[in-house]
Amino acid sequence: MTYLDYQATTPLAPEALDAMLPWLRDQHGNPHSPHREGRRAKAAVEIAREQIAALLPPGGRVVFTSGATEALNWAIKGTSGAIVTDPIEHAAVLDTVAAEAGARNVAQLPVDAAGLIDLAAARAAISRPTGLVAAMLVNNEIGTIQPIAALAEHAHRAGALLLCDAVQGYGRVPIPDGVDLIAVSAHKIYGPKGIGALWIREGVTLAPLLHGGDQEGGRSGTLSPALCAGFGTAAALMADLAERDATHVESLWGIARAALSGWTVNGSAGHRYHGNLNVRRPGLDVARLMSDCRDIAFSAGSACASGSGRASHVLRAIGLTEAEARSSIRLGWGRYTEEGDFTEALHRIVAAAEAQA
């Protein structure tokens, strides 16, 4: 199997697994207990917290969550006032905002054909009494990088907070210092599933989403030292291997663009992360293509929407027709993608697509 679905999830780094194993096998202290075993577990959690914070802006704190979905829910539901967002956010943002719409005013910013938020429209829409602006750093479906710094300026001018869904960009794309809330996830950076974090700027207070022991100062629930250690190690590796990973991803981007030169790229040509390529081919039967290339893992849309029967909301929002959206595929690669396997997989995808003509 050639795995080309890195936006859905990344392989677990061996180093992250090694960091987790002692806490799964030998050490079972509750990190919130005062005895020696609890203090040992607490120390592991705090080391991981520091490793994760090293890839985030200064002046805030990292609060562990069950994943980015919980982090985004907490950031949105824990604030007040009108919400401004855009139509190509992840479902964890859009569905949570929709759930809040009965009690809070909601506005959506338009995006252009590249998936970029219109800053002029943002300037007009983000005005008092806006409470929260929510925007994704790197889009999970089309790889477009949003102008987060400019959006944060508009938000602060209106007295609002800026929530950045940095799940796809964390450790890969710089996160501007001006944001107030940042959601990240371990399994998108070669860490374990089931853990994420919300970074909260100093001075920002959120109403709790979960009630209980308040173990994380606003977030209740017993932490898993194993998951925290795996997340922390994965974050440290992202920092240590940043240059090597970026060079590798860029090299594979060039190979992919050459192999798929006759396909149309969905999203921005210039403002995008190069480990994500969303492309379309007129008349392509994606279901047949995936069947013909069943030993190549790639996506026809975001993993969260697979099986829904609906065309991607992101592709429709950037102006694609239903037919164009349904003839699109998403390829994602990263640290563990081997160049030879990658090239062969691309040639097989192209050949299978051409055989449909």
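On a 1 Å grid over the protein atoms alone, a cavity is a set of points where a 1.4 Å probe fits but cannot get out, and its lining residues are those with an atom within 4 Å of a point. Rolling a probe the size of a water molecule over the atoms shows where empty space is left. The structure examined here is a predicted model, in which local features need pLDDT of at least 70 and side-chain atom pairs count only at pLDDT 80 or more, while totals for chains, interfaces and linings use all residues. Residues are numbered from 1 along each chain as its sequence is written, and side-chain values use heavy atoms, with hydrogens and water left out.

A search of the whole structure finds one cavity of 30 Å³ or more. The volume of the largest cavity is about 50 Å³, a volume being the space filled by probe spheres set on the grid points, which are joined across faces, edges and corners. The largest cavity is lined by Tyr6, Gln7, Gln168, Arg172, Lys188, Tyr190, Tyr273, Trp333 and Gly334. By class, four residues of this lining are nonpolar, three are polar and two are charged. In this scheme Ala, Val, Leu, Ile, Met, Phe, Trp, Tyr, Cys and Pro count as nonpolar, Asp, Glu, Lys and Arg as charged, and the others, Gly among them, as polar.

Tyr190 is not a glycine, although its phi is positive, at about 75°. Helices (H or I, at least four residues) and strands (E, at least two) are DSSP runs numbered from the N terminus, and Tyr190 lies in the loop between strand E7 (181–185) and strand E8 (196–201). Its relative accessibility is 4%, so Tyr190 counts as buried; buried means under 20% relative accessible area, exposed over 50%, and partly exposed in between, with a 1.4 Å probe and protein chains only. Ala13 is 177 residues from Tyr190 along the chain, yet their C-alpha atoms are separated by 5.1 Å. The position of Ala13 is in the loop between strand E1 (2–3) and H1, and at 1% relative accessibility Ala13 counts as buried. Beyond residues up to four places away in sequence, Ala13 touches Tyr190, Leu237, Arg335 and Tyr336, where contact means heavy atoms within 4.5 Å.

A positive phi is also found at Asp214, a residue other than glycine, with a value near 55°. Asp214 is placed in the loop between E8 and H7 and counts as partly exposed at 43% relative accessibility. A further backbone feature is the cis peptide bond that joins Arg128 and Pro129, with omega about 10°. Pro129 belongs to the loop between helix H5 (119–125) and strand E5 (130–136).

Ala160 occupies the loop between helix H6 (148–157) and strand E6 (161–165) and is buried, with a relative accessible area of 4%. With neighbours within four places in sequence left aside, Ala160 is in contact with Thr130, Gly131, Leu132, Val133, Ala155 and Asp180. Of these, Val133 is 27 residues from Ala160 in sequence and 6.8 Å away in space, C-alpha to C-alpha.

Helix H2 (residues 36–53) has 18 residues and reaches 26 Å from its first C-alpha to its last, close to the 26 Å expected at 1.5 Å a residue; the expected span is 1.5 Å times one less than the number of residues. The buried residues of H2 are Gly38, Ala41, Ala44, Val45, Ala48, Arg49 and Ile52. They lie on the same side of H2, because they cover an arc of only 140° around the axis, the arc being that of the directions from the helix axis to the C-beta atoms. The face of H2 turned away from this buried side carries the exposed residues Arg36 and Glu50. Helix H1 (14–25), strand E2 (60–65) and helix H7 (225–240) are among the elements that cover the buried residues of H2.

Twelve of the 16 residues of H7 are buried, so H7 is largely enclosed by the rest of the structure. The cover over its buried residues includes H1, H2, E2, E7, E8 and helix H8 (242–259).

In helix H12, the buried residues are Phe342, Ala345, Leu346, Ile349, Val350, Ala352 and Ala353. Their arc of only 165° around the axis puts them on the same side of H12. Elements covering them include E1, H8, helix H9 (286–292), strand E11 (296–297) and strand E12 (328–332).

How values were computed: 1 Å grid on protein atoms, 1.4 Å probe; cavity = no way out; pocket = protein on both sides within 12 Å on 5 of 7 lines; lining within 4 Å.
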